[in-house]
Amino acid sequence: MRGFLAALLLTAAGGLCAQPVVFKLQVGDRIFENDAIEIPGEMPESVTLRLLNPVAADVDYGRIQTKLNGEGAGFIMKTAPSTDGKTATLNFKMREN
């Protein structure tokens, strides 16, 4: 089986990219600290970007933008609060084939 490559980018106002890494990727119950991961097997149903506090507290939900394989993925993204910051979940079932 081909591996699934998930590459998500986070951009926000205020120079967030200049800050230390403050997010994690979650696939199922596995959490990764890299911004690009390769997962063997079939494509997962969803991937969650976990934006961590204290930076998450200063980022408005509307400023969280995701890209999948270089293209905007906002149309399949849902944002929500979490105990450690904010989450942005990409639901691949909503994606066009």
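**Close-up views of a predicted model**

At 26% relative accessibility, Lys24 counts as partly exposed. The model shown in these views is predicted.

**View 1. Lys24 pairs with Glu33 in a salt bridge.** The closest N and O atoms of Lys24 and Glu33 are 3.8 Å apart. Glu33 is exposed, with a relative accessible area of 59%. The model has 3 salt bridges by the rule used here. Side chains of opposite charge can pair when their charged atoms come close.

**View 2. A salt bridge joins Lys93 and Glu45.** Their closest N and O atoms lie 3.3 Å apart. The pair links distant parts of the chain, 48 residues apart. Lys93 sits in the segment after β9 (85–91). Glu45 sits in the loop between β4 (36–39) and β5 (46–52). Both Lys93 and Glu45 are exposed.

**View 3. Arg50 forms a salt bridge with Asp84.** Here the closest N and O atoms are 3.2 Å apart. This pair, too, links distant parts of the chain: Arg50 belongs to strand β5, and Asp84 to the loop between β8 (77–82) and β9, 34 residues apart. Arg50 is buried, with a relative accessible area of 16%. Asp84 has 28% relative accessibility and counts as partly exposed.

**View 4. Strand β5 pairs with β2 and with β9.** β5 and β2 run antiparallel, joined by 4 bridges. Gln26 stands opposite Thr48 of β5. β5 and β9 also run antiparallel, with 7 bridges between them. Val47 has Leu90 in β9 as its bridge partner. Of the 7 residues of β5, 6 are buried, so the strand is largely enclosed by the rest of the structure.

**View 5. The largest nonpolar core has 20 residues.** Val27, Ile37, Leu51 and Phe92 are those with the most contacts inside this core.

**View 6. A cis peptide bond joins Asn53 and Pro54.** Its omega is about 10 degrees. Most peptide bonds are trans. Pro54 is found in the loop between β5 and β6 (67–68).

Terms used. Residues are numbered from 1 along each chain as its sequence is written. This is a predicted model: local features need pLDDT of at least 70, side-chain atom pairs count only at pLDDT 80 or more; totals for chains, interfaces and linings use all residues. Side-chain values use heavy atoms; hydrogens and water are left out. A salt bridge is a side-chain nitrogen of Lys or Arg within 4 Å of a carboxyl oxygen of Asp or Glu. Buried means under 20% relative accessible area, exposed over 50%, partly exposed in between (1.4 Å probe, protein chains only). Helices (H or I, at least four residues) and strands (E, at least two) are DSSP runs, numbered from the N terminus. A nonpolar core is a set of buried Ala, Val, Leu, Ile, Met, Phe, Trp, Tyr and Cys residues joined through side-chain atoms within 4.5 Å. Two strands pair if DSSP finds at least two bridges between them.
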